[in-house]
Amino acid sequence: MPLQGVCWFFCCRQGFSLLGRDYGEKEEEESFELRNKEDLTPNGRWLLREVRGGWVKQRRYWFVLSQDSLDYYSGAEKGARRLGTLVLTNLCSVIWPNKQTYKETYWSITVYGRKHCYRLYTRHFNEAVHWACAIQKIIDTKSPVETPTQLLIRDIEENKFNPEVVEHIYEHNPILKYTQGPLYAPLLPFPYGSAEHTHSGKGYGSVREEAVRIFNCLQQLESVRDPVPIIQGVLQTCLDLRPLRDEVYCQLVKQTSHTPSPYTAAHLRYWQLLTCMSCTFLPGPTVLKYLRFHLKTQSQSPESEMDNYASFISEALDKTKCRECVPSWEEIQMLMSRQEMLCTVHYPGPGSCQLYISSHTTANEVVRRMQEKLGLQDSKNTFALYEQNALWEQPVAGSALIADILTRFKFTTKESESKSQWKLCFKLYCLLDADNISVDSIEYLFLFEQCHDMVVRGQLPACEEDLQALAALRLQCLMGDFSTHVPCPPLDELYPGRMLETQVLVSLSSPQAMPPCKGATQGCPTMQRFPTGLLAGTLWSHTATAAHKQKVEQDIRLRSRLKEEAAAVMASILERWKGLAGYNRRDSIAAYLAIARQWSGFGCTLYEVDFYISSTGSFSQKLWLGVAATSVSLYKQGESEALESFPYGQICSYGVSDSNTFKITAGDRDLLFETNKLTEIMQLMNAYFNAIHRQRGKGEDPDITITESTEMSFRHLAPTPTPTLLELPSHPV
């Protein structure tokens, strides 16, 4: 039996005007109030009133939901006149009732069809759900709708080895060929629906509307002076609206087929956008076959620009993976001319290399090429790329596309802030053999520079005397013998600022340096409850002013003491520097590393841990988790002796237990760490475990890998002498 009901009817002449032109008529958006059959009045007249303007008469209509359509009639009696129909196909959609569409005492549902959009209202939530569910069930039973373009693509695929048939298909179907006219409907099927139903929050209309708008943008490429903004806008839309990617490919194939003037610069703009698309997104399997066939058949003559673009696109389609970012202006300009980009890769110290990269170059490839360029292919240690600025760094996953990283740098870097300048840096990653590095190799300089970075960050536990000695050796290495005529680097590039601040705060917190708060013997006034009434505001104002004044005085005192302490430390460093006269660069580096190696954790990577708890009841806050070649250790920040150390042979499993917690099982103990460096810890531990397997002849991959932590769930590993690696995507470096 068809679903029937009485509805309150409102009609307005608005809706899908853009797409309506495809069918030669305007679409209607209609609103109804669903009512039960029992609500019918005895005389059957439901005319209430007439509203002038955009609205027409408001009436109750009798609705019938059948297997093919949603119809409304003038009345419930047999033989009543049918006044409207919304044909239901699998492209129709229903917006169910929710709080956002609830208005005063009405719940609403919306039904989108090809020609109409019906909005229906009811006072009862269950009644609205009943209608929505019934309509959706009918939609779900419908066969997929195929557009003429889809049918023709299938015909071309079936006859691709018969050129005469293919030519006949193109000749008699203008929808497949270049046009200067507008497109009124998408080439591929998309669900009917509104902007808020499909892609809210980004300013887009429905996918159907956006498909038509994009075609208009493509046609503008022929006349604009600079096509890059349009190309980037189309790519951004395809990134945001994934279903549009196949549509844009079909539109570009259409506009590069049977073109009247194929060799003009205006026409080549379509090929340039197709080139950018092929380096950013892969089409679906059906459209990919259609595109490859098009690339083979559309070349007018060998060595032509069209032929060059077709060959470039064919090769790109074999390499492309979906991008995380839309190509930058620079990359688009390079793609338009089928050129590679120049990328600067820094390494520890002031050095850098420039490499040519494509849209498909990964961090793995750059690491390999940097090793070859710097002569590090035979090193027992491993290397990785890092995203880095003056305040922060993190390793780059080997499968990451360099073009995406460079694009992200352009969006995040502010030219006016030097500390936010991002760069790619090639560095030591796993320090497996620090003792046998040749002192004449660039790898030895890497070790020195990265060790000094740890010192400056305060991550090399050492006494004050050793820290000053390290700073003096750094000066001797960089500048040679002491001279008053050579400008000296700032203290924060030689000595850990954290250590300086700690010393000052300790000195200021002593009773002699920090006078007690006035009134402390009577209780601090800010800790008392103030009386309410007329004077309460005045009392609080005086107290707040006094507290603010005291804080300002403390800040001034702190800054003054920091300057004094910094001057004293710098003077002491300079005196030590004078005593190093005659040391050459190699001697200075060797002496520097000799002091650093006194720490038992030398060579490990330290990660800050907010808190640590074990199954034995141990609990600590603000620790360092050190990941090294043979073990994982826990340190109190600033202390050289490890609280606990766990050789890899004792670790049974490790992984992520929730969003911010890292878990290690060592023997019968479970160790939990709260940290925001989960992915980096997982990557480095996997790399070291892979090295262990390689050394013992158990690993198939001869290279050490950095893993891209895509699974954020804890896994128990097999109870072997060394744990099995987590099954995460990995890459050799």
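1. Helix H20 (residues 678–695) lies across strands S14 (605–614), S15 (619–627), S16 (631–636), S18 and S19, and runs at about 160° to S18. Contact means heavy atoms within 4.5 Å; axes are lines fitted to C-alpha atoms, for helices over the stretch in contact, with angles from 0 to 180 degrees between N-to-C directions. Helices (H or I, at least four residues) and strands (E, at least two) are DSSP runs numbered from the N terminus.

2. This is a predicted model, in which local features need pLDDT of at least 70 and side-chain atom pairs count only at pLDDT 80 or more, while totals for chains, interfaces and linings use all residues. Residues are numbered from 1 along each chain as its sequence is written, and side-chain values use heavy atoms, leaving out hydrogens and water.

3. The seven strands form an open sheet in the order S17-S16-S15-S14-S20-S19-S18, with antiparallel pairing (two strands pair if DSSP finds at least two bridges between them). Its edges are S17 (642–647) and S18 (651–658), each pairing on one side only, and the twist from one strand to the next averages 30°.

4. S19 (residues 661–666) is joined to S18 by six bridges, with Ile664 as the partner of Tyr654, and the two strands form a hairpin with two residues between them. Six bridges also join S19 to S20 (residues 669–674), where Thr661 stands opposite Glu674; in that hairpin Gly667 takes a positive phi near 65°.

5. Six of the six residues of S19 are buried (under 20% relative accessible area, 1.4 Å probe, protein chains only). Thr661, Lys663 and Thr665 point one way, and Phe662, Ile664 and Ala666 the other.

Notes:
Buried means under 20% relative accessible area, exposed over 50%, partly exposed in between (1.4 Å probe, protein chains only).
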